Amino acid sequence: MYLTVDTFMKTIGLLGGMSWESTLGYYRAINEGVKNSLGGLHSAKIAMYSVDFAPLEKLQHAGDWNAMAEVLSSAAKCVESAGADFLLICTNTMHKLAPEIAAAINIPLLHIADATAEVLVKEGIQSVGLLGTAFTMEQDFYKGRLMNNYGLRVLVPDEEDRGIVHQAIFQELCLGNLMPGTKVDFLRIIDALAAAGAEAVVLGCTEIGMLVHQHDTSVRLFDTTAIHAEKAVAYAIGD
């Protein structure tokens, strides 16, 4: 007796662990997406490398992006060697190193900012607020991609509120701690971005969607984890 294995589905490569809390969300969202699309007992074909985030977080805050690029490029090669047909980096901030990682592998890299921007443009959004780590909110690798490649106007919180968001991500959300007071702060910051002219707010850190949900606010939210996962499912099954 021979078992028939479906071969039409591409294998999704995940570079995760930054943090594992949000990578868990990727795994769930991708498998739910495949199940909803194909039905039955279908689940996603996934090759994943999950890094130890603690030393990488130290390198982040020390500004040693070259060392991080070496670690993540090596991990991406492992994902490719495991049979992945394309790669997702399961974090917004580490897309600062997307060019180096993409250059190290021979499979496509689905960029989280591109996936998000495509949805924003499709929805007719022109001005968007951006929440994320200080790296994502302040540096050009993410904002610049949204503005220069997609013509979006990108608003970020003021310096004090950027500090609140950044600290909450690393000291609470990456540890799986969802604090009611922090949620209040995030909702206030979202309202401030809307008052400044944002038509919607991008949850540009893969952990923020654990804390803040659409039913919490009248401001339109775009969760990058959900968007990235949906893009991966469509790419994997050929939609």
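Reader: Does Asp-161 count as buried or exposed, and at what relative accessibility?

Author: This is a predicted model, where local features need pLDDT of at least 70, side-chain atom pairs count only at pLDDT 80 or more, and totals for chains, interfaces and linings use all residues. Residues are numbered from 1 along each chain as its sequence is written, and side-chain values use heavy atoms, without hydrogens and water. Buried means under 20% relative accessible area, exposed over 50%, partly exposed in between (1.4 Å probe, protein chains only). Asp-161 therefore counts as buried, at 7%.

Reader: Which residue meets the side chain of Asp-161 in a salt bridge?

Author: A salt bridge puts a side-chain nitrogen of Lys or Arg within 4 Å of a carboxyl oxygen of Asp or Glu. Here the N to O distance is 2.9 Å. The partner of Asp-161 is Arg-188.

Reader: Which helices hold Asp-161 and Arg-188?

Author: Helices are DSSP runs (H or I, at least four residues), numbered from the N terminus. The pair links distant parts of the chain, 27 residues apart. Asp-161 sits in α8 (residues 159–171), and Arg-188 in α9 (residues 180–195).

Reader: What is the relative accessible area of Asp-114, which forms a salt bridge with Arg-145?

Author: The closest N and O atoms of Arg-145 and Asp-114 are 2.8 Å apart. Arg-145 lies in helix α7 and Asp-114 in helix α5, so the pair ties together parts 31 residues apart in sequence. Arg-145 is partly exposed, at 27%. Asp-114 is buried, at 15%.

Reader: How many salt bridges does a search of the whole structure find?

Author: Another one joins Arg-220 and Glu-123, at 3.0 Å from N to O. The search of the whole structure finds six.

Definitions and conventions
Helices (H or I, at least four residues) and strands (E, at least two) are DSSP runs, numbered from the N terminus.
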